[in-house]
Amino acid sequence: MKFQLILSLILLTSCKHPIIPVVAASFAKEYCSCRFVVGQTEKYCKSYASQIVSVSSFSEDLNNKYVSAAAFGHLASSQFINKKYGCDLIIEKF
Amino acid sequence: MIFILIGTSNAQVSQEGLPGPAPGLWTESTSSFERQMAAQESIAFSTKEKWSTNAVLIIKNKTIVFERYDNGFELDTPQRLWSISKSISSALIGMRWKELNLGLNDPISTYYPQLKDNSPKPISIKNLLHMSSGIDWNEGYESNPLKSDVVRILYSDKRADMATYKASLPSRSLPGQRFYYSSGETNLLMGALSKTFQDPKEHEVYPWAKLFNPLGMTDVTWERDGSGTFIGSSYIFMKARDLARFSLLYLQKGLWKEKEILDKDYIRDSLIPGPASCLTHQKSETQFFSYGHHWWLNKKCSTKERSAFVKLPGSTFLALGHHGQTLAIFPELGAIVIRFGADKDGNFDRELWLNEVFNSLKEIKVEI
């Protein structure tokens, strides 16, 4: 099942399906909210934000409350704004 | 793990530094209900499952009869509401449209004129509250990410302006004819809400000024899309006890400290099944529910039908979210039942758990 999904994603990547950037974006956004709104641990949030297909890398800047994640050639970032408005998602491309 | 069987005093200060409601909104029970609550607890906090429960809060007649937090979550931890957010969005729509003396038949094309061309018949605010605009949508998170519109609005360039994206989609049926649960409908409503303000700064603080602060709900977070519209479908975070305050507003028919916060008629209408939800055969866990103004209802549409949760009263109304997030209100018992968890696959058996909670609550005697 997982193998089929990965194969599908490779095919979708090659045809630039709009869903591809979502892998990194969903991780960055949900990880940011988990860490800086909910205040959970890195371990918990990594598990919570991960989908069936994992991101290839991610980093967090605790001082600036900023998260970035990469998957399938796409980079996405999420920035904590403040307590009232939580995290915002910034989608970029390599 | 924190395990609290009885309520604690909860003196609070609102986000703006203004005093919230008097300390001790929730009564501290002098009794322990450990025995009555054991069965529901063993279901909710089972260690044999892939899912986990982070919080359960059960209140009867303003008395906390059970409260437990787990997995690093505590009394003051903000919880993700996911789609429970939709019911809070509904309250704000009710407040704003009442303030502006606009009926719920107000057409959404007033705010999104492109819908005049896309829809064969005017779509009203009420149609959207009933999830029956007829505008195309594909809901679904992990189950069908490749075709999911909700994934697109939350995590792709469509996040820039979710309401405009929804308004750009074609109509599939006449308004009011077909129920289809759609995060797009909620975000279109929230987009319309934003357009009712001339001053964006007034819009930015509206939920706090009109709802959260008056109810003494502290540390509420509400994330926004790229256009500054509150993501009403999914992204409110608040403490379990603050969600209980919101629920109490509905039990009190919109009154808070003798002041009307939300119109009682709006609350009444919110709990009447929308016609489309009775006409449409729904798939999934929610198939037998009827649906009001962004609330799941256990009311039967007709005597020939069954209710969704057959062992619970027809008056039960619920707000349900991704990961098994659950808010159930039993008006006859004056009871508020809240569960937060982590359950991507949706395996938590809400019905089984709520049946146990309801049976326990019937046994428990607390003075009003």
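Predicted model: local features only at pLDDT ≥ 70, side-chain atom pairs only at ≥ 80, totals over all residues.

Residues are numbered from 1 along each chain as its sequence is written, chains are lettered from A and ligands numbered from 1 in the order in which they are written, and side-chain values use heavy atoms, with hydrogens and water left out.

**Stop 1: chain A**

Select chain A and switch to cartoon view. You'll find three helices and four strands, and from the N terminus they come in the order α-α-α-β-β-β-β. (Helices, H or I with at least four residues, and strands, E with at least two, are DSSP runs numbered from the N terminus.)

Now try a surface. Chain A exposes about 4,700 Å², with carbon and sulfur atoms supplying 60% of it; areas like this come from the Shrake-Rupley method with a 1.4 Å probe, and for residues only the protein chains shown count as cover. Of the 94 residues in chain A, 48% count as buried. Buried means under 20% relative accessible area, exposed over 50%, and partly exposed in between (1.4 Å probe, protein chains only).

**Stop 2: the disulfides**

How many disulfides does the structure hold over all chains? There are three, a disulfide being a pair of cysteine sulfur atoms within 2.5 Å.

Pick A:Cys32 and A:Cys87, whose sulfur atoms sit 2.1 Å apart. This pair links distant parts of the chain, 55 residues apart: A:Cys32 is in helix H2 (residues 22-38) of chain A and A:Cys87 in strand S4 (residues 86-93) of chain A. The torsion about their S-S bond is about -80 degrees, so the disulfide is left-handed. A:Cys32 is buried at 0% relative accessible area, and A:Cys87 is buried at 1%.

Next, select A:Cys34 and A:Cys45, also a disulfide, with 2.1 Å between the sulfur atoms. Here A:Cys34 in helix H2 is joined to A:Cys45 in helix H3 (residues 42-49) of chain A, 11 residues apart. Counting bonded cysteines along chain A, the pattern is 1-4, 2-3.

Now hop over to chain B and select B:Cys278 and B:Cys301, a disulfide with sulfur atoms 2.0 Å apart. B:Cys278 is in helix H11 (residues 275-279) of chain B, while B:Cys301 is in the loop between strand S10 (296-297) and strand S11 (317-321) of chain B. Are these two buried or partly exposed? B:Cys278 is partly exposed at 28%, and B:Cys301 is partly exposed at 29%.

**Stop 3: the largest cavity**

The structure holds four cavities of 30 Å³ or more, and the largest has a volume of about 70 Å³. A cavity is a set of points, on a 1 Å grid over the protein atoms alone, where a 1.4 Å probe fits but cannot get out, and lining residues have an atom within 4 Å of a point. Grid points are joined across faces, edges and corners, and the volume is the space filled by probe spheres set on them.

To see the lining, select residues including A:Cys34, A:Val38, A:Tyr44, A:Tyr48, B:Phe73 and B:Arg80. The elements giving two or more residues to this lining are H2 and H3 of chain A together with strand S4 (79-80) of chain B.

Definitions and conventions: 1 Å grid on protein atoms, 1.4 Å probe; cavity = no way out; pocket = protein on both sides within 12 Å on 5 of 7 lines; lining within 4 Å.
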